[in-house]
Each structure stands twice: as structure tokens, then as C-alpha cells.
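Work through the two exercises below with the sequence and the model in view, taking each solution step by step.

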Amino acid sequence: MIQLRNLERYYKSGFQKSWVLKGINLDVKQGEFITIMGDSGAGKSTLLQIIGMLDAANKGEYNFFDEEVHRFNEKKRTELYKHYIGFVFQAYHLIDDLTVYENIETPLIYRGIKSKERKPMVAELLDRFNIVAKKDLFPDQLSGGQQQLVGLARAIIGKPKLLLADEPTGNLHTKQGEEIMQLFKELHNEGMTIIQVTHSEKNAQYGDRIVHLEDGYVREDKNVNELLERN
Amino acid sequence: MFLKNIKYAFRNLKRDKFYTVLNGIGLTIGMTVALLIFMWIQDEVSYDNYHSQNGQNYLVVANTSFGGERTWGVRTPAPLQFAIKEQIPEVQKVARTSGLWKPVLKYENFVLSVNKTFLVDAELFQILDFEFLQGDPNTALSNPNSIILTDENAHKIFGNENPMGKTVKLDDKLDLKITGIIKSPPSNTHLPVDCFIPFENNVNQYYSENSMSWRSFNFSTYLTLRPNTDVEKIGKKITTLFPILESEAEKNRSYAELHPVRDIYLGLGKVKFGFPKGDPVTIKLFGWIAFIILLIASINYINLTTARAAHRAKSIGIKKIVGASRSQLIGQHVMETVCMVVICSWGALLLTQFGLPFFKETSGKEFTTQTVFSQTTIGLIGLLALITILLSGIQPAFQLSAFRPVQVLKGSGFKGIDGKSGLRKFLVITQFVSSAALIICTVFMLRQMDFIQSKKLGYQKEHIFKFTHNVESTQRLKTALEKEPAIKDVAISDQSIVSITNSISGIRWEGVDGRQDLQLFSMHTGSNMKDFFGLEMKNGRWFNRSANLDSMSFILNESAAKAMNLDQPVGKWIDMWGERGTIVGLVKDFHFQSFHSEIKPLIFRQTADWFPTMYVKTKGDDAAIAIAAVEKVFKQHSPNEVFKYEFLDETFNNLYKSEMKTGNMFSLFSLIAMIISCLGIFGLATYTAEKRFKEIGIRKVLGASALSIVNLLSKDFLKLVFIALIIAIPLAWYFMKNWLNNFAFHINLDWWVFAVAGLIAIGIALATVVFQSARAAMSDPVESIRSE
Ligand SMILES: Nc1ncnc2c1ncn2[C@@H]1O[C@H](COP(=O)(O)OP(=O)(O)O)[C@@H](O)[C@H]1O
Ligand SMILES: [Mg+2]
């Protein structure tokens, strides 16, 4: 599904280039649940954003379903956002002026799905995530965990092939975090490809593969089971 | 999607109340002004648009030579109509009209002044449209003793009685039967009407044999052409109908052109006197002002929207991530503008409604509530709304929808957005260039108007009113008036001294041979004219008391003496068409026409036997008693006339009526442009202060004075206003130079006026910005720091 070859990402400041990613090679197969780990500033978010096509690499190859991503224009990217990719963020990034219901509904609106068909889809997710009672509240009236549930609901309502999550539990209490991770696991079981960034070893265990970033390279890329055995 | 967008738009507008209100006020005022201007323009360009024969109906205008000057006029000789009918088959209908001098209608004891009464050929009704409420246009004027009235006048005389068939008396000499009632023509006509009477048989009651000849240009000639006729060719054909009038054949020959009826109001600039006239240049000018004001209001909207883009950036970025396309986002933001503009349009309609009486006072145009809510106006406001949406909605929508989502996620500030402030600066400068230029122009216009009013005319016009009359023995009326205690003095002449229009030519004088082509303006008056108006003599004397002694005496003004090349005019003879008289006095130049023209040569005579204009000087300031006294005496001498007086100050101001109106409207619009511009920087300053709230707090804690903070917050704006001023000054200079060129006597473009006007502009901007900045600077620093 995803192939990264010698991916480089640097920032220029004046005459100086500072590399965040120096040579990333990574393959992701459909249905995998991958965790990206690494120190703060290691470039995890950057990598995730490149995979999610929010950011672009300076060098190297990126193929998404055998198509060369660096050739995509904005229109094509929008298409992919709509149909293939869902995002979950540490800071939730809900739209402040929309209610819970409206936040979840937004992706469907942009897909041009009719109001009649939207309703049952949103209702189903509200029900599944146990937030039916909150549907008319605005984001700032929710707890962090609830906000993240909304964020996740919004990310998956369009049934994306790929779910990208950047420290989804970073701002949450342990219990709330566990709830979110449990949902990830369910989605994974339903066949969704997931790439998450986390600092928590425990959360990493929900996935089936862990990629360690260091100094702009992939330092380690192991199956969870292998890692478990080694410990 | 559509409904959602509307819903979200309203939610956004509600959330940003302060800026929404600010934008709303600006857009509403801007659209109101633009709407009023559009309505005004619409009315100006709609003159005579209702005639069914438009496209085929024309007025004959004639170019004639008069005293060496060729002039265009809307009057033609009486025989022309018959000649055209006989000799030009392409002409379908042709009709003459001629307005009467102070006509009065009498029915039993009721007297009505019907100033717009015309002698007409019945074919006129097939050339111009008049709506007959009663009677038949084809036969109403068949009988010479018939008259057609407007419904308005009929109602004044007869109330609710049926006027048809009643007999009225016109000017105490014609008994006329009412054979038709027409609806009063709409206000946008070149030919307002009170009554029509048949031309044939009645015309000799008003015009001498001589005035009916080919030599005399007294009648308007209207005609319709067959379809597909070459208009220019017909004009040339009509020219050939004029017999040669003077010996110097070609030179003095009159020639004719056809002018479309629809275009009389705006297109007859070359004709000086005649019908009411609109000014295409003013129309264009106001069209531009409407656009500029809309632009200024739209710039506010753009700037206040994009300046605060940062707080929109997040939701835009997220929407993109969840799959919003650029066009969807643009649609959403344009929708917000659309909602805003639609609301403001309604506001503008209401405000226009309230502004009408005020606008009438400034512009002289009367619109009714019905006009405001008419189809045309709704169409206009729709058009306005569309222009406003295009001006103000598109740019922000494109700019906002261009955010890259990754910028949002990193939260690394919105440098990309602030980088766009170059455009914002440019827009602010544009606003202030326009409004400062308008303000400067206003100041010069007002100064010129002031100059006109305060300039020494060379005669005294205070405490004097004039009236016109039909009394045959002017002297008897004058003597009677002089006996009245409230009246100080009475003077007579053949026309208004404020605007002398009669002129003569073809005279000879001592020292030159042959007939001269010199044109002299000419006024008939009496022996007390000089003292009455305080005219100053340069040489010689004024007329003697006894008119008989001085019947062949002339008095010149300085310009006339110069034009005639006479160093010592007093004592020299003038030959006026075979009769010789003597120049007895030389009067100092005074302004007897508008300041648009130079002081022209003028000759005073007292040979006339008719002095229809009378001037009355009141004793002291209590004019009412004098007016009442004059009215009483007037009624005794001329019971069938309607007494109407006008103070010379007013007559004088009427000379500049169109400039005054233009000036008034212009000042009003400039002021509004300035106010809207200031609303804009007020908003921007508020936003800057908000954004830098914390920084201000820290600076204050560090010991910055309030003044230095005000300075910090305002100096960027003032820089922009200053740059705008530097651009505005040459622009204003250019426009004013052109405008002042319309006046032969005008003020100078003094540099200090620019400076003062500029200071006013900067001062207003300063006050606006400093007010906001000072508020921020005065706020409690601790609070601002803690609030983060
Ligand atoms: N716009 C930018 N300009 C310069 N450096 C940046 C920019 N964005 C991110 N970086 C740098 O890239 C590095 C990686 O950032 P990030 O991918 O967010 O790390 P992580 O998510 O692993 O903590 C950081 O050192 C950060 O300073
Ligand atoms: Mg990160």
C-alpha cells in the first residue's frame, strides 16, 4: 500500500539545511497497524504528515497504491483525503464553531453525500462511541477524551483505507487513552490500516509493528511479537 | 451544502459580532449612498424614455449667426413646419410648440398661473406621448378655441367636478373650451406641461407678424421620420429650406440638425438656453463616486476578514484534511459574504428610505417610497449587491482557502498570512487616497462657492427683490410703489441684472467704418438704476431723469469701451441701425453674468417701451411688509396676474444651482467615504490592539509609557495615511484644476489648502486609530498577562 524510498525532509534556514528525515525506507501493507516511536523531535509527526500528504518530502520516492505521490496536485490530494485517509491528532483539532454532530458530519458533506444518507451514518458512530447525548454540544464543552472520540469518529466516518494518528492519547488520562486504543484495535480488526505515533510502550502493544525513528533514519522496524520475545 | 453554508455563515457572523457590526455599518452606508446615486443617475438617464416614437422623433436645432457669434438654439422660425411638411416626404409628422409669457388661467373668480402653457400643432401628440385621460388627441385641438389641461391643474380649478366642456379664460383675451385632460407628464421629461392650446389662430394673439417670419427664431419644431431614414441627410435638407437671411450669404446662413428627443436632456450641451439640462460629466463623476464608496466599504470587509484570518486558519486547515476541496471552501466563504451583503442590502433599502428627504435637499431630486421599492430600485440594489460581493467576497475567499493544512497543525504561527499584509497596506492606501482626494476636492469646491458668494459683484444686491409683470404702464406702477412707506426705492429694466442675456449687434460708432460684428449685451433701464444698485461711474454721467431728453443716450461699461477700442468714449456717437446717439457715460465693470464667464461688453439704453422686470429695495430688514405692500399694489394694477417675487440673492444663487447641488452632494459623499475608511482602520486598529494585547502588557510591566504604546500601535497606520495623502494631493490638484477652469473667476489652488485638508484627513485617521490604541495602552497590564 505504501512504499517510502530514501525519503528526505529538511528545512532551510538561511544557507543552512537542517535535516529532519534523512533516508527513510518503509513499506506498509494493507491491514497493518503500525506504531511509530522515537524521541521528541525525531521527526515522527513530520513522517506521518508526509505519509498523509499534508507535507511533502524534499527528496526520495513515495508510492501510495502504486502511484507516485509527489506528482499529485492539490485536487488529487483532496480526493485522497476524502476517500482514503483519516487523521487523528493529539490536539484533537475539532472545528470550534461546529457541534459534535456537525464535526462528525463534515467529511460527508464535502463528499457530497445527501443529508438523508448522512444522518444514519453519523447516528451509528455517535452510538458506537457512546456520545449521542453530546451531539449538540460544542468542542469546548467536552472533556479531552470525549473530544478525541469525536476526532476519531470524524476520521473514520468516511471509511478511510488508512488512519493516521499522531499521539492520539497524548493529552488524555490513562483510562480515556485505553478506551481510544481499544477502538483502534477494533478498527484494525475490521481491516483498517492504521499508523499511529505514540510515546507509550503500552499503546504500542495494540499494534502489530513498531518503527523506531532516530537521527532521521529508521533505527528499528520489528513485529510486536518479536519485541516482546526479546524483552 | 447550500443551507449548511448559510447556517455556518450566520454562526460566524454572530460570533465575530464586533467586526460583523463594523463591516455591516460600512457596507450598509456604502450601499445606501451607492443606491441613492444609482437612483439619481437612473433618473437622469431616463429622461424622455417613455415616448413611443423614440428612435424616430427629433427636435430641430438650429445654428445661427448672431453678432459674429454662432450659437445653437432649440428655436426655429414658424414657417419651417409648413416647409418641412411640403418638401420633405421622409418626415411623417411635424409640429411646433411655443411657450407663453407668464400665462394666467381664469375660471370665474379663480386665477391660476399656468407657466408651462404652449401653443402647439396637434400633430405633437403623435410625436411625443401624452396620456389623455379625457378627450381625443386627434380632435382635441381641432377647434381654435380649445384647451387641454393636465389633471393636476384641472383638479386645482374644478376640484372633483368634470372639467370637460367648461370654458376658461386665458390671459384675459382668449375664451377656451376644455376639450382634453392629460395626465401631468412624468418628472423626467424635457417638456413639463400645464396647458396646450391650438397653434393656428391663437399664435397671432401672442406674436407679431414679424416674429412669425423666417427671420425670427421663436418656435420649437418636433418631427418624426419614417423608419430607416438618414437623419443627417434630413438635417441638411431642412437647412436648404432656410432662405438666405443676410447679405453675406453663406456666413450668416442658419443651418439645422435633428436631435433625438430621447437625448435632449443630456445631449444638448451645445445649446445654452432652452430646456432643462442634465450634465453627463456630473453623472459620470457620481457614478465613479458610487463605485469608490462601494470599493472603500468592500476594502474594509476584505481587510477585516483577512487580517483576522489566523483564527479562521485552523478550521480551514482541518476542513481540508477531512476532504474539503478548495472550491468548496471558497463557496463557503463567499456564502458568508453573500449573507452579509444581503442583510446590508435590506439595511440599505431602509436607510435609503429614511435618507430620501435629506437627499432631496442635497440633490434636488424627489424620490418617493414607491420609487425606493420599485422594480428598478430592487434591480439596482441587486446589481449593487453583486458588485459588492465581487469586490469584497472573492479575494478573502481565495486567500483564506489557500492555507496549507500543515501550517495549522504545526501551530507555528501564521507567517504566511501576515506576509499578505502587503496587499492590506495597499488597500488601506487606496481607501485613503480616494477619501483624502475627495476631501481635498470638497474643500476647494466649498471655497469656490464661498468665493462666488462673497466676491464683490460691483453692484449691491442686498435687500432687493424683483418681480416681473405684464402691466403696460410701468411708470404708473413704479410711482404707486414708490408711495409705499415700506419701500425704499424702485427700479425698472427689461431683464434681470443678475444675468443679462439680451444682446445687440450690427452697430457702428465713431472712429470705425461700416457695420461691425461686435456683440454687445444690452439692457434697457431707467434713470435711477445707478444709484439703486450702487453702480460706479468711471466717466461721464448716468441717464437724466427725463427719459425723453436721453432717448438716444448710451452708457457703456469698461469692457464695451475696450472692445470698441474707445479710449475716451464719452461724447462719441454710436449709430444703431441708422439712428445716431451719444455715449454719455462710462460705468465701471460689474458682474452681470455668472462667474463662469468673463465680464462682457454691455450697453445701457432707455429706449424700450416695456420694462417687465421691476426691482424693489426694502427699508431695513423687514422685507415681509414691503412684499405685502408690493403685492397689494400689483393686484390693483394687474388683477389677473399672479404675483411672484424673488430676492436677488436667490436669483444669484440660482446661477450656481447646479454647482451648489453638485457641491453639496460631493461634500456629503466625501464625508461618507472618509467615515467608511475610518471605520476600516478603526477595525484594523482594534484588531492590532487585540492581537498585541499581551505584548502591550509586557511592555507596560517593563515600564513603557502609555504614550509610547499609542505610538507603537498607531504609527503604522499613520504612515499609510501619510503615503495616501502624498498620492492624493496631485490627484486632487489635477481634478480641481479642471473643475475650476469652468469658472472665469475662481480661487487659486493654494498649497496651504492642500496642507490643511491633508491635516484634516490625517487628523481624522489619527483620532480613529489613537482612540483604539489609547484604550489598549490604558488597560491593566497584569490582566493582559494573566489572561494567557
Ligand atoms: N517549519 C519548520 N521549520 C524548521 N524546523 C521544523 C519545522 N517543522 C518542524 N521542524 C523541526 O523538525 C523536527 C521534527 O519535528 P516533528 O516531526 O514534529 O518531531 P516529533 O513529532 O518527532 O516530535 C523538529 O526538530 C522541529 O524543530
Ligand atoms: Mg510530534
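**Exercise 1.** Sort the shell around ligand 1 by residue class, and find which helix gives the largest share of it.

*Solution.* By class, the shell holds 3 nonpolar, 5 polar and 3 charged residues, where Ala, Val, Leu, Ile, Met, Phe, Trp, Tyr, Cys and Pro count as nonpolar, Asp, Glu, Lys and Arg as charged, and the others, Gly among them, as polar. The largest share, 3 residues, comes from helix α1 (residues 44–51) of chain A, helices being DSSP runs of H or I with at least four residues, and strands runs of E with at least two, numbered from the N terminus. Residues from chains A and B surround the ligand, so the site is shared between chains; a residue is near when one of its heavy atoms lies within 4 Å.

Next come the polar contacts, pairs of N or O atoms within 3.5 Å. Oxygen atoms of ligand 1 lie 2.7 Å from a side-chain N or O atom of A:S45 and 2.4 Å from one of A:T46. The protein covers 60% of the 560 Å² of accessible area (Shrake-Rupley, 1.4 Å probe) that ligand 1 has on its own.

The model is predicted: local features need pLDDT of at least 70 and side-chain atom pairs 80 or more, while totals for chains, interfaces and linings use all residues. Residues are numbered from 1 along each chain as written, chains are lettered from A and ligands numbered from 1 in written order, and side-chain values use heavy atoms, without hydrogens and water.

**Exercise 2.** Which residues of helix α4 (residues 151–158) of chain B are buried?

*Solution.* B:N153, B:A154, B:I157 and B:F158 are buried (under 20% relative accessible area, 1.4 Å probe, protein chains only). They lie on the same side of α4(B), because they cover an arc of only 110 degrees around the axis.

Note on methods:
Buried means under 20% relative accessible area, exposed over 50%, partly exposed in between (1.4 Å probe, protein chains only). The arc is that of the directions from the helix axis to the C-beta atoms. A polar contact is a pair of N or O atoms within 3.5 Å; within protein, one must be able to donate a hydrogen and the other to accept it, and residues adjacent in sequence count only if both atoms are side-chain atoms.
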